[in-house]
Amino acid sequence: MIGFGLGRFLKKIRPRERGWDDPKIAGRDERIFVENKKSCPVCHKGLEEGELERTLYVCPSCKHHFRITPWERIRFTVDGGVFQEIAAKVESVNPLNFPDYDAKLSETKDKTGMTEAVVAGRCKIENRELVMAVMAFNFMGGSMGSVVGEKVTRAILEGARQELPVVVFATSGGARMQEGIFSLMQMAKTSNALALLEEKGLPFFVVLTDPTYGGVTASFAMLGDVTLAEPEASIGFAGPRVIEGTIRQKLPEGFQRSEFLLQKGFIDAVVERKDLRRTLSFLIETHQPSEGGL
Amino acid sequence: MKNQDVAKKLVELKSLAERDRLDITEDISRLEEKLKTGRLATSTAWKRVELARHPDRPGTLDYIERIFNEFIELHGDRLSADDPAIVGGIALFGSQAVTVIGHQKGRNMKENIRRNYGMAQPEGFRKALRLAKEAEKFKRPVITFIDTQGAFPGISSEERGISEAIARNLKEFSSLKVPIVCFIIGEGWSGGAIGIGIGDEIYMLENACYSVISPEGFASILFRDPSRAKQAAELMKLTAPDLLSFDIVDGIIYEPVGGAHTDPDFTAAKIKLQIADSLSRLCLKSPQMLVRDRSLRLQKIGAFAEPREKRQHFLKRLFGG
């Protein structure tokens, strides 16, 4: 969009978000969906009470990274857990009039205490400001419908407008089936927003977490300037069941895991949860637009 | 015209013909057929899915043959392979050079195996992007034809980054500096469809289908039972009229009674008219305008609710109350 005024364009397509007027401080989220806190589901070693909280929900013996909720991740990733949410009030409707979708949504909202499968906002990491969106697998499998697409898009465009880097923590089972074509179109919308961010010369970082599939992988989650993944996360386009159904054979060990993607050349690095904050901070620092050119 | 109205007209016509001894049996039988099978009858979504999958339904190459004067197929993604599930090349539309890209299913079993039933692997999407970028370099409009069950879900696909290939296409096509016109001609399911489905104008054949996943996939995810595909199809809002009402597509191209395969020449002629119309409009726009309008189009898609923040009038804010 050379020579056309991207700033004016951004203003036209999305409202300006309010500044730092009402930040939320992420507290301990009791709804982390670790069902059994007594032992690790991978190595079956026993866990002491409160041990997981201290290790950022990583098994101390086998390094299994438990799935966690957005607010829990925000709490230990950003400075002081201070998070200025954007687009907090955007909520799903039922565009196809799909039976039981409304009921399912309100039930999930009650259960998770969230309004949708992503939380987006402004925050700081080691005192550097950024826009961050964190997805939630416990909200309808982290599926992307209109709201997830819209909130991720707003996060990206807010980055473009405020000249801030954008970070997304991805986890998703894929598209929100109940929204049909609308959910498919979110892939195009979010990817287009990234084209606008790129034009401004701003960086986009992705952290893939367990699991990330379908329409999310095949759009913004694979478009990072730098793409990181937590260890052993399952990441792919089609789910293992679908692939096994197509080829009628068992999948090899480690297929679609972070390390597999690293080997195949589709992600930059596998980073343990305890190192993510430092890594992101380093990336943001090294991607600062240099003043007056090189 | 509603069904009952047509039926009524038909009875009138018949009695008129009898009274005046006119030979209009051909017209009458045409109308009767229309009433039974054609678009005047309220067609169920599943019927359209079946028509979209009809083995004789014309595909990308059938349309290319009928619409363009000359066509040369170009192959390969310049990285590893050529994917026959997506065909592409340069064609002459009248005297205007255009780039054409589309999914291609097989016309028989042998060809279907070679073309993987029109299910593209990463190489297919990368070839499409290469051709689109080549079109951009030489300022040629791009025409795409969508007809796929989806991107291929297999080990090879995942190993070579099917997600990355689709994602990159979405981003690059959305900011391509030449006009793109898309036609959904048959099945349009999932990332496989949208991977070459971003354009300035998008048209759908009357019996084509477009949704996030195939009815079988939908049924197996939501109902855990792929055999309930028929039921899923009715809920998915995947027909051309649905998509038009959602503003996802710009228009419907009507097919001959009984489906596109009953008269491919007729269907191709209609598509040809639409291409001429769209290009006459889009070729007037500057590259900046094209990219901006395409962005606007994508950015406004989405169904959600957001309560407006109450904005107090500034006088009220100053003086209270």
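Hi everyone, let me start with one residue: Arg78(B) is exposed, with a relative accessible area of 59%. Please keep in mind that this is a predicted model. Arg78(B) sits in the loop between strand 1 and strand 2 of chain B, and its phi is positive, about 65°, although the residue is not a glycine. That is worth a remark, because most residues other than glycine have a negative phi.

Chain B has a second case. Ser190(B) is another residue other than glycine with a positive phi, near 65°. Is Ser190(B) buried or exposed? Ser190(B) is buried, because its relative accessible area of 12% falls under the 20% cut-off. As for where it sits, Ser190(B) belongs to helix 9 of chain B, residues 190–194.

Let me step back to chain B as a whole. You will find 15 helices and 9 strands there. Chain B has 321 residues, and 53% of them are buried. If you take the contacts in chain B with a separation of 6 or more, 72% come from residues 24 or more positions apart.

Now to the strands on either side of that Arg78(B) loop. One pair to look for on screen is Glu70(B) with its bridge partner Leu92(B) in strand 2. Strand 2 also pairs with strand 3, residues 96–103, again antiparallel, through 8 bridges. Here Ile90(B) has Thr99(B) as its bridge partner in strand 3. Strands 2 and 3 of chain B form a hairpin with 2 residues between them. Gly94(B), in that turn, has a positive phi of about 65°.

Why do we say that strand 2 of chain B is largely enclosed by the rest of the structure? Its residues are 86–93, and 6 of the 8 are buried, so the strand is largely enclosed.

Setting aside neighbours within four places in sequence, Phe68(B) is in contact with Ala91(B), Leu92(B), Phe93(B), Val98(B), Val100(B), Phe145(B) and Ile275(B). Phe68(B) also stands out in the largest nonpolar core, which has 169 residues. Together with Met132(A), Phe145(B), Phe183(B), Tyr210(B) and Ile271(B), it touches the most other members. Which element gives the largest share of this core? That is helix 6 of chain A, residues 180–199, with 10 residues. There is also a second, separate core of 9 residues, and Leu52(A), Phe66(A), Ile68(A) and Phe76(A) are among them.

Next, a pair of helices in chain B. The axes of helix 4, residues 60–67, and helix 13, residues 264–282, come within 9 Å and cross at roughly 70°. The two helices are therefore roughly perpendicular to each other. Helix 4 brings Tyr63(B), Arg66(B) and Ile67(B) to the contact. On the helix 13 side, the residues include Pro264(B), Ala268(B), Ile271(B) and Ile275(B). The whole contact divides into 6 nonpolar, 1 polar and 3 charged residues.

Let me finish with chain A. It has an open sheet of 8 strands in the order 1-2-4-5-6-7-8-9, with mixed pairing. Strand 1 (24–25) and strand 9 (269–270) stand at the edges with a single partner strand each, so one side of each is left without a neighbour in the sheet. Within the sheet, strand 5, residues 128–135, and strand 6, residues 166–172, of chain A pair in the parallel sense over 4 bridges. Ala133(A), for instance, has Val168(A) as its bridge partner in strand 6.

How many residues of strand 6 of chain A are buried? The count is 7 of its 7 residues. Both faces of the strand are covered. One side carries Val166(A), Val168(A), Ala170(A) and Ser172(A), and the other carries Val167(A), Phe169(A) and Thr171(A).

The peptide bond from Asp210(A) to Pro211(A) is cis, with omega near -15°. Pro211(A) lies in strand 7 of chain A, residues 204–212. For context, most peptide bonds are trans.

How values were computed:
Residues are numbered from 1 along each chain as its sequence is written. Chains are lettered from A and ligands numbered from 1 in the order in which they are written. This is a predicted model: local features need pLDDT of at least 70, side-chain atom pairs count only at pLDDT 80 or more; totals for chains, interfaces and linings use all residues. Side-chain values use heavy atoms; hydrogens and water are left out. Buried means under 20% relative accessible area, exposed over 50%, partly exposed in between (1.4 Å probe, protein chains only). Two strands pair if DSSP finds at least two bridges between them. A nonpolar core is a set of buried Ala, Val, Leu, Ile, Met, Phe, Trp, Tyr and Cys residues joined through side-chain atoms within 4.5 Å. Contact means heavy atoms within 4.5 Å. Axes are lines fitted to C-alpha atoms, for helices over the stretch in contact, and angles run from 0 to 180 degrees between N-to-C directions. Angles under 35 degrees count as roughly parallel, over 145 as roughly antiparallel, 65 to 115 as roughly perpendicular and the rest as oblique. Ala, Val, Leu, Ile, Met, Phe, Trp, Tyr, Cys and Pro count as nonpolar, Asp, Glu, Lys and Arg as charged, and the others, Gly among them, as polar.
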